[in-house]
Amino acid sequence: MRRMLIGMSQEKLGESLGLTFQQVQKYEKGTNRIGASRLYQIGAVLGVPIEFFFAGLERAEASEEGAAEAGFDTELLSSAEGIQLNSAFFAITDPKLRKRLLDLMKALAGLPEEGDLPSPEEN
């Protein structure tokens, strides 16, 4: 997720680590395990401390259960498309425009206009 948020390709990350982009893909998908020293290197390249990769770990199971109960697809939210959608949505600085976009998305999805979730202005 951090790699995508900073706009770095798998190829660029791989080059920085002396790996192929296929190896980076395997790490990201969880096909291959990442050793501690490699995780440290990845953190350095991405500009985050190693603790970044463990943030919220103790709450992960509880939050995944809560997300499932609320109808969220955490796998979709953390996909490249989900991250891009989220980043683009919050890059819109006009709250009225964000609200209109949210209403359009709800209409396209067939959801009621006023859902159970609070609008961004209520947070």
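This is a predicted model: local features need pLDDT of at least 70, side-chain atom pairs count only at pLDDT 80 or more; totals for chains, interfaces and linings use all residues.
Asp94 caps the N-terminal end of helix α8, placing a side-chain oxygen 2.9 Å from the backbone nitrogen of Lys96.

Helix α8 takes in residues 95-109, 15 residues in total, and spans 21 Å from its first C-alpha to its last, close to the 21 Å expected at 1.5 Å a residue. Beyond its other end comes Gly110, whose phi is positive, near 75°.

Which residues of α8 are buried? They are Arg98, Asp103 and Lys106, and because they cover an arc of only 140° around the axis, they fall on the same side of α8. The background to such an arrangement is that an α-helix has 3.6 residues a turn, so residues three or four places apart point the same way. The buried residues of α8 pack against α7, which covers residues 80-91. On the face of α8 turned away from that buried side, the exposed residues are Arg100, Ala107 and Leu108.

From the helix we can turn to the aromatic rings. A pair of aromatic rings is described by the distance of the centres and the angle of the planes. The count of aromatic pairs in this model comes to two. In one of them, the rings of Phe52 and Phe53 have their centres 5.5 Å apart and their planes at 85°, and since an angle over 60 degrees counts as edge-to-face, the pair is assigned to that class. Phe52 counts as partly exposed because its relative accessibility is 39%, and Phe53, at 29% relative accessibility, likewise counts as partly exposed.

Phe89 and Phe90 also form an edge-to-face aromatic pair, with 5.1 Å centre to centre and 90° between the planes.

Buried residues make up 20% of its 123 residues, and the protein exposes about 9400 Å², of which carbon and sulfur atoms supply 55%. Among contacts between residues at least 6 apart in sequence, 34% join residues at least 24 apart.

How values were computed. Residues are numbered from 1 along each chain as its sequence is written. Side-chain values use heavy atoms; hydrogens and water are left out. Helices (H or I, at least four residues) and strands (E, at least two) are DSSP runs, numbered from the N terminus. The expected span of a helix is 1.5 Å times one less than its number of residues. Buried means under 20% relative accessible area, exposed over 50%, partly exposed in between (1.4 Å probe, protein chains only). The arc is that of the directions from the helix axis to the C-beta atoms. Contact means heavy atoms within 4.5 Å. A polar contact is a pair of N or O atoms within 3.5 Å; within protein, one must be able to donate a hydrogen and the other to accept it, and residues adjacent in sequence count only if both atoms are side-chain atoms. Rings of Phe, Tyr and Trp (its six-membered ring) pair if their centres lie within 6.5 Å; planes under 30 degrees apart count as stacked, over 60 as edge-to-face and the rest as tilted. Accessible areas come from the Shrake-Rupley method with a 1.4 Å probe; for residues, only the protein chains shown count as cover.
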